[in-house]
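Have the model open while you read.

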Amino acid sequence: MKEFQELIKEICQEQNITCQALSQDFILKLEKNNQQKYIYAYKFPLNDQGIGLIMDDKYAFYSVLKDLNIKTVEIIPIFPGYDRDTLISYLKHHQRVILKPNNGTCGHDVFVINSTRDLFLKLDYLLNKNAPVCLSPYYDIKNEYRLIVLNGQIKVMYGKKRPIIIGDGVSTIKTLLKKFNSYYYSKESNLEKLNFDLNKVLKKGEELEINFKFNLSGGSTIFDITDKSLQEKLLRITKKVIKKLNIQFASIDIIDVGHELLVLEANSGVMMDNYRHLHENGYTISKKVYQEAIISLFK
């Protein structure tokens, strides 16, 4: 968040906007022409409050999209006092499910569940953290895409590539990881999280999945979407979502499950920290987006 705040302060200085950090630097107070605006973490006061809350609640967002007949990832909520038989039946039906906090971010505490025992162990773990929990079928995701929208327009579009490395018969896992995403895996603290022998040399063509998730904060990287047909499909879906919900500033995640595209989730807090380092023009692009958002605050 420190880099984000430094960028916001830089933009404010250029726009003659006073910027002050509050609440142990978690809130930025922007002031111009006797107007005060507050940025809470990565959340700008541009969305309707109700829509902002809906986007940050995975089950609520799913419910709204389903009501609007927009194809999305299925989600069921789980509360304390849940019915075990219902969850066992759901797992048996899908064989593999995803369990995660209903309002989580950055892929934290997201689990692939294959057994009844693991389901209830992970479920109790999450509920003991006072986290609302949601359950989804496991989707065989081919690719994940993110679109950042502002004032009814798509400003940024990119694909996420999860960390899967392929051996060349010479390089160690550590070397291949740094080649895959030098920004993330050059940090020893991130390498220490992995349960792999980093000095092992993979055979030529041998594939190793480091993480099943597509989160940039967990080692995934990005790629530009060059397929025009795919671009049009993603734009069409995203425009429908933001128009129906009157979303002003957010990021929308869409997944490709092979035979169709599904809306995965939306984030009312627009975080571009990793993108800024992974894209060759990331700093310029992210600064332009945040600058337009700040200017919109004072219109």
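## A buried arginine in a pair

Let's start with Arg162, which counts as buried because its relative accessibility is 19%; buried means under 20% relative accessible area, exposed over 50%, and partly exposed in between, using a 1.4 Å probe and protein chains only. This is a predicted model, where local features need pLDDT of at least 70 and side-chain atom pairs count only at pLDDT 80 or more, while totals for chains, interfaces and linings use all residues. Residues are numbered from 1 along each chain as its sequence is written, and side-chain values use heavy atoms, leaving out hydrogens and water.

What does Arg162 form with Glu209? A salt bridge, with the closest N and O atoms 2.4 Å apart; the term means a side-chain nitrogen of Lys or Arg within 4 Å of a carboxyl oxygen of Asp or Glu. The pair ties together distant parts of the chain, 47 residues apart: Arg162 sits in the loop between strands E9 (153-161) and E10 (164-166), and Glu209 in strand E11 (residues 207-209). Helices (H or I, at least four residues) and strands (E, at least two) are DSSP runs, numbered from the N terminus. Glu209 is partly exposed, at 40% relative accessibility.

## Other salt bridges

The structure holds 16 salt bridges. Lys43 pairs with Asp56, their closest N and O atoms being 2.7 Å apart. Here the loop between E3 (35-40) and H2 supplies Lys43, the loop between H2 and H3 supplies Asp56, and the two residues are 13 apart in the chain. Both ends are partly exposed: Lys43 at 30% and Asp56 at 25%.

Lys71 meets Glu260 at 3.3 Å, N to O. Lys71 is exposed, with a relative accessible area of 53%, whereas Glu260 is partly exposed at 24%.

## Helix H3

Which residues of H3 (58-67) are buried? Lys58, Phe61, Tyr62 and Leu65 are. They lie on the same side of H3 because they cover an arc of only 100 degrees around the axis, taken from the directions from the helix axis to the C-beta atoms. Their cover includes helices H2 (49-55) and H9 (228-245), plus strands E5 (97-101), E7 (133-137) and E14 (261-267), with contact meaning heavy atoms within 4.5 Å.

At the start of H3, a side-chain oxygen of Asp57 comes within 3.2 Å of the backbone nitrogen of Tyr59. After the helix comes Asn69, with a positive phi near 60 degrees.

Notes: Polar contact = N/O pair within 3.5 Å; in protein donor to acceptor, adjacent residues only side chain to side chain.
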